[in-house]
Amino acid sequence: MYKDFEAQNQVFSGILARAATPVSMSFHGQTERAAGELVSGSYFRVLGVPAAIGRTVAPDDDTSVLGRPVVVLSYRYWQNRFAGDPSVLNSTMILNGHNFTVIGVSGRGFDGIEPGSVTQLFLPITMKPWILQNAPGMEEMTDRRASWLQIVGRLKPGMAEASAKASMQVLFHQIIVEEAKGPMLTQASEYDRRQFLKATIDLLPAATGRSFLRYQMSRPLEVLMAIVALVLLIACGNVANLLLVRAAGRQKEIAVRLALGAPRRQIVRQLLVESLMLSLGGGAVGVGLAWWGAKALIGFLPQSSTPLGLSAAPDARILLFNFAVALATGLLFGLVPALQTTRPDVGRTLKDQAGSVAGTGHSRLRKSLVVAQVTLSLLLLIAAGLFVRSLRNLRESGAGIEASNLISFTVDPSLNGYSGPRSMAFFRELNRELSGVAGVKSAALATNAILAGDEWDSTVNVEGYTSKPGEDMNPNFNGVSPGYFATLGVPLVEGREFSDRDTGSVMHKGIPFPIPNVIVINQKMAKYYFGDRNPIGRHIGFGNEPGAVADMEIIGVVKDFKYLGVRDEVTRQAVIPYLAVPFAMNMTSYVRTYMPPEQAFNLIRRTVAKLDPNLPVYNMRTLEETIDASLMNERLVASLSAMFGGLATLLAVIGLYGVMAYTVEQRTREIGIRVALGAHRGR
């Protein structure tokens, strides 16, 4: 729809399209994996990003498919990878096995429009057949219903968002009405057609970019912000208590100044200045600690082969916010002690009467502050305990997979220009080589990595089951090699697992390539569709439109295990043999070993290099590390809440100690008299 929007919209001064994708980059004989982005010719113009050197991708670069194999480097990548060498301009770079000409470097500070993801290479969108050459369902760039592009537009000056959305909805509805006349929709059920025609378009702010990482981290950071606010409140209460104690010791001085005619507001002003100096000094120290703390926070984020592009350095907004909070807390928690201190009983204070020096009003306020500190610190400790317990329960509940000594890694031969059949042959050889290496118990392959948020779902029809209108008929899918379930430690419940003989396929109506004729499902899917009946020998098929055929025979049922992440519920899962599919892009290999992870990592890299030394290996980790990454939010909240809970308790203890020490000091004369009269110390 990008071309329709670009040609027919009335509300945007410019529209761009982009799609992020990894690429294999080879330059002067060195091959590595880089973060690429297919962009329209309007991309840099709409965003207003100039070139640091050379030029950027222009409208003339995306007028014809495979017309101009050019590439633009990001400024960060140019500096880090090529040391800012201007001679890289007009040189040849090999991307996914094809020659591209470097035409420029994007402006400094621009890493793409997705915060938390750094784009290193920008390519014209018309080069897609070379960059995503084996991607199923993405061959046709003119398919309006293809959903591989993200579209961003810049509103015309003076155009309101509501008016723009209304105008785009009219255009969008015209397009889907036209699409509904196509063969795919005419064969759909009446319910599906109605739902398709009810589709709406939404406009979302894009000034700060669109980021899944931001969405993922928003809730944990909000929780941590609340915890930090409580710790700040405890610290401020502690400081207010100390200021009250200090002020009580200066009451004779203040009484003398008042007796000599000093204005009360002048004394209050002086005390507030002292309070502000303390708060601003603490704020300055806090900025220094924040620099280190921000780096520690970034360490919780999942790491990949490309940088996250997140800066740990506090910027002007952070410094201004820190200054405002320090100023506000200094004024707020310094004002009450200042007002209390400047209202002494001058006559009694000058006569040095201990009762007036201690001050019953001051005593009540100090005790209230201590009670509040202890209460808040206990609240934080209880919350931290609950977070830690939740994290422990999630880890102990497991994912239904035997995690010990299991390593996963990903390779993508298509990034090196492999065709579909050649990629399939490579994966067969890789699995054979890994399975035969000493120290490896078993190895298997999967098209989708488990517990990593990598989702593939598809609509199905089930033999003997009639779906209801609007029912979710989209189980999760995966394509795997023989031995996959045994390698993961997932037991078979009924039937059998895939074998090397499961290469049979059928042609399914509406799918342009053969599909396997056998399938394995999990217990949840078997229970959902078949109840107590035996599912072995029954059939499942892709699509749920009227007349859809169930042409894949169920040959096995495996025990339930988690698919997307440890915190997610077990979903309905269907697994097909990848050997019966005529193409392959990236696949994740699972290797169960008898050796330590570091030793196994080196062995795996040597095995891959033996088959193709120019093929990058990425996302290599143990399953325990994958589980930790899946529980990133829980680990972040549990760790930091425990730390802040301990800090809050320490502050409360310090505050309590200070009040008790001051109280004992004020009662020294009384205690001395009681001891002189025979009172025992233990009483």
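Modeller: We shall take a helix, the nonpolar cores and the salt bridges in turn.

This is a predicted model, in which local features need pLDDT of at least 70, side-chain atom pairs count only at pLDDT 80 or more, and totals for chains, interfaces and linings use all residues. Residues are numbered from 1 along each chain as its sequence is written, and side-chain values use heavy atoms, with hydrogens and water left out.

Colleague: How many residues does helix α5 have?

Modeller: Helices (H or I, at least four residues) and strands (E, at least two) are DSSP runs, numbered from the N terminus. Helix α5, residues 161–179, has 19 residues. From its first C-alpha to its last α5 reaches 26 Å, close to the 27 Å expected at 1.5 Å a residue; the expected span is 1.5 Å times one less than the number of residues.

Colleague: Which residues of α5 are buried?

Modeller: Buried means under 20% relative accessible area, exposed over 50%, and partly exposed in between (1.4 Å probe, protein chains only). In α5 the buried residues are A164, M168, L171, F172, I175, I176 and E179. They cover an arc of only 135 degrees around the axis, which puts them on the same side of α5; the arc is that of the directions from the helix axis to the C-beta atoms.

Colleague: Which residues touch the most other members of the largest nonpolar core?

Modeller: In soluble globular proteins, nonpolar side chains tend to be buried together. A nonpolar core is a set of buried Ala, Val, Leu, Ile, Met, Phe, Trp, Tyr and Cys residues joined through side-chain atoms within 4.5 Å. The largest core has 39 residues, of which L73, M93 and L121 touch the most other members. Strand β1, residues 12–27, gives the most to this core, with seven residues. A second, separate core of 28 residues includes L406, A449, L631 and A638.

Colleague: How many salt bridges does the structure hold?

Modeller: Side chains of opposite charge can pair when their charged atoms come close. A salt bridge is a side-chain nitrogen of Lys or Arg within 4 Å of a carboxyl oxygen of Asp or Glu. The structure holds 14 salt bridges. In one of them, E37 pairs with R18, the closest N and O atoms being 3.2 Å apart. This pair links distant parts of the chain, E37 in strand β2 (residues 30–39) and R18 in strand β1, 19 residues apart.

Colleague: Are E37 and R18 buried or exposed?

Modeller: E37 is buried, with a relative accessible area of 0%, and R18 is buried at 5%.
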